[in-house]
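Morning, everyone. Please bring up the sequence and the structure.

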Amino acid sequence: MIEALLTIILISSIYMSGVRRIKLLTGGFVFQSAAIGLIAFKLGYDTGEVHYYVLALLTIITKVIIMPLIINKSVKKLKINREMELMVNAFNSYILTGTGIMIAFGLLNKSHNNFIKTGIALFIIGVLLMVARKKAITQMLGFLIFENGIVLFEISLTKMSFVIEAGIVFEGLMLALIMGIMIFHINKTFDSINTDSFENLKE
Amino acid sequence: MYIVVLGILFLIMTMTPLISKNIKISGLVTILGSISVLGIVLKIITLLYDGGALNYFNEFFYIDSLSILQLLIIASINVIVSIYSRKYIENEIDEKVISNRRGKFYYFLFNFFVFFLMFIALTNNIVAMWIGLEGTTLTTAFLIGFNVNKNSLESAWKYIIICSIGIGIGLIGILIFVNAYTNQDANQILKWSHLVKNPNIQNIYAIKIAFTLIFVGIGTKAGLAPMHTWLPDAHSESPSPVSAMMSGVLLNLALYVILRFYLIIKHVPGLENTKWLFIIFGCASLVISSFSILRQTNYKRLLAFSSVENIGIIALGLGVGSKIAVFGALLHSLVHAFGKSLLFLTAGNILSAYKTKRIDKINALIKTMPINAVFLILGMLVITGAPPFPAFFSEYYIIVGTVETGNYIITALYSFCLLLVFAGFLKVFIKIVFNNEAGEKYVKIEEDKENTLPLALCFISIIVMSLFMNSYLSSMINNAVSIICD
């Protein structure tokens, strides 16, 4: 069950790395976060510990319901459909994510903890989206994927108290929200959300 | 008891801008609140005069001599900056640069920012320290983009992207770090005071990876080169009081969090080489910033690069690790906080009078704004380490430390970079203050007298610091040094 869900996470992240339409990207993100939420539920069911349930609930509420709503709303308002020119094209992005996953699984092939391997793959893909895309909204989605990787790490590594765990998830959400608000400001001031137009500040 | 009072004070300070409609009330409450916070911190200092530590709430809050130094910096700079902010925000509203509502938003964010800073310095839980650092990212993102123009939004976006990746890497490091201590009590595992007393680590290799990730991740927030690229933009585009607060306090505090992790693993056999992380990153910051200082055309960017340089000096001192060098590093973090605030606030005054950040547009400041010109020169002498001021002693102690441990190449590199910085600063500030363009008449600007009280307070604190060096202050720093070195 958990292996199948981890596979869904990996496949969705490969899919997201090459897609241009922001709606499809958001769809992939919803799938991924739902899979993470279900993993946390399953772990909670198996071990009977409350904090897994809390994490699952928080992930599903914030990342499956609230964040996609906000992103879809802003996509409609800002009238952006797709990423026009990619800094790294779709083909190369697929190859990069593929190598990233291979590196993550190859380096840690002695460890039996699949969560960590998947988490590292998600970090690589998230950072790739943040670096190789021009639209600010895609960069924000990249950050959210990175955040999902952190949640996987949290699930597998330690038991933290409920307040601390909630704090980490809540601050991730707040940061994404702030990015969303800033995207609106950027759109108002620059008339686009292409980060190409960021060229005023140089040495 | 003290923690509860501090919590209530911050609750009042953050809620007032949301409730009251009058901007003046928010400003006054912020000033009064910051003064009471300083009072409480001074009271705690007297409790900890002989060393030792205080615990509150089941060891969630833990105060020792090291955190006392950080608390002192935060509380005193907070007082100075809130006094400055009142006039600054009123001016901006009068000139219709910002609306009344945005002014209140400023106070809300600013107080929240200070709350997170205090939280980092007070807490004992290592993940809570991370939460505090992330909180400072949340609050300062809007403060940097406060003027909502092209430059400030660009720098704020850069800041968010770089620092969120950095701090995410830091969290990964912390999670791996905690995991390397597996079979221990789950209630105790996140407490710093517990970890530092129980160095029985399961997996040395994991700890090595974890500490490197923590150093690089949180070092991004501390502005160590080569992760400093967000810093010059963010510090030069944010409102001057915020730049003062960020470069004086926030950078220090991020380094303090790294130091806490370093203290845990310092005595573990097999991990002695971690001190080279501090030394190498410190030297890289020194070299990169000192060469950048020489070719700046914007005086706020110049000050921002100087912050990178000073953080490099502090990191180098901590890495060298002999008692005198650590003493110098801690003293330098104290002096740098006051000196850099003095310079940034003076720069803010000049900016609001001249409306330009370019060095070549400002001439003969001694005739147009004599009071600010004097403070500018004094601040420059403090920050570059000219003899009567305490920065001279702190930088000298670090040189002595490097010679004592036999790292002669580092001594040479360090002294060379300090010389370069001194030359760069002298060139720019002598030009700004004394340069007379032929055929131009310089008239005194009326705004010169405004907002000089916080500058005077900064300078008086530096003087007080150098007078009390031998008695009170040095015993305080010595207690902190004994935590780091023993």
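A quick definition to begin: a residue is buried if 20 or more other C-beta atoms lie within 10 Å of its own, exposed if 12 or fewer, and partly exposed in between. Keep in mind that this is a predicted model.

Now, one residue. Where is B:Val196 found? Look in the loop between α7 (192–195) and α8 (204–222) of chain B. B:Val196 has 15 C-beta neighbours inside 10 Å, so it counts as partly exposed. Leave aside its neighbours within four places in sequence, and B:Val196 is in contact with B:Leu263 and B:Ile264. Compare B:Leu365, which is 169 residues from B:Val196 along the chain. Their C-alpha atoms are separated by 52 Å.

Next, the two chains. Here 29 residues of chain A are in contact with 31 residues of chain B. On the chain A side, the elements giving two or more residues are α5 (114–132), α6 (136–157) and α7 (162–190). Which of them gives the most? That is α7(A), with 13 residues. By class, this side of chain A has 20 nonpolar, six polar and three charged residues.

Last, the helix pair. Two packed helices are described by the angle between their axes and the distance between the axes. In chain B, α12 (residues 299–320) packs with α16 (residues 390–404) at an angle of about 40°. Their axes are 10 Å apart. The crossing of α12(B) and α16(B) is left-handed. From α12(B), the contact uses B:Ile313, B:Leu316, B:Gly317 and B:Val320. From α16(B) come B:Glu395, B:Ile398, B:Gly401 and B:Thr402. By class, that contact has four nonpolar, three polar and one charged residues.

Notes:
Residues are numbered from 1 along each chain as its sequence is written. Chains are lettered from A and ligands numbered from 1 in the order in which they are written. This is a predicted model: local features need pLDDT of at least 70, side-chain atom pairs count only at pLDDT 80 or more; totals for chains, interfaces and linings use all residues. Helices (H or I, at least four residues) and strands (E, at least two) are DSSP runs, numbered from the N terminus. Two residues are in contact if their C-beta atoms, placed from the backbone, lie within 7 Å. Ala, Val, Leu, Ile, Met, Phe, Trp, Tyr, Cys and Pro count as nonpolar, Asp, Glu, Lys and Arg as charged, and the others, Gly among them, as polar. Axes are lines fitted to C-alpha atoms, for helices over the stretch in contact, and angles run from 0 to 180 degrees between N-to-C directions. A crossing is left-handed if the near helix is turned anticlockwise from the far one by less than a right angle, and right-handed if clockwise.
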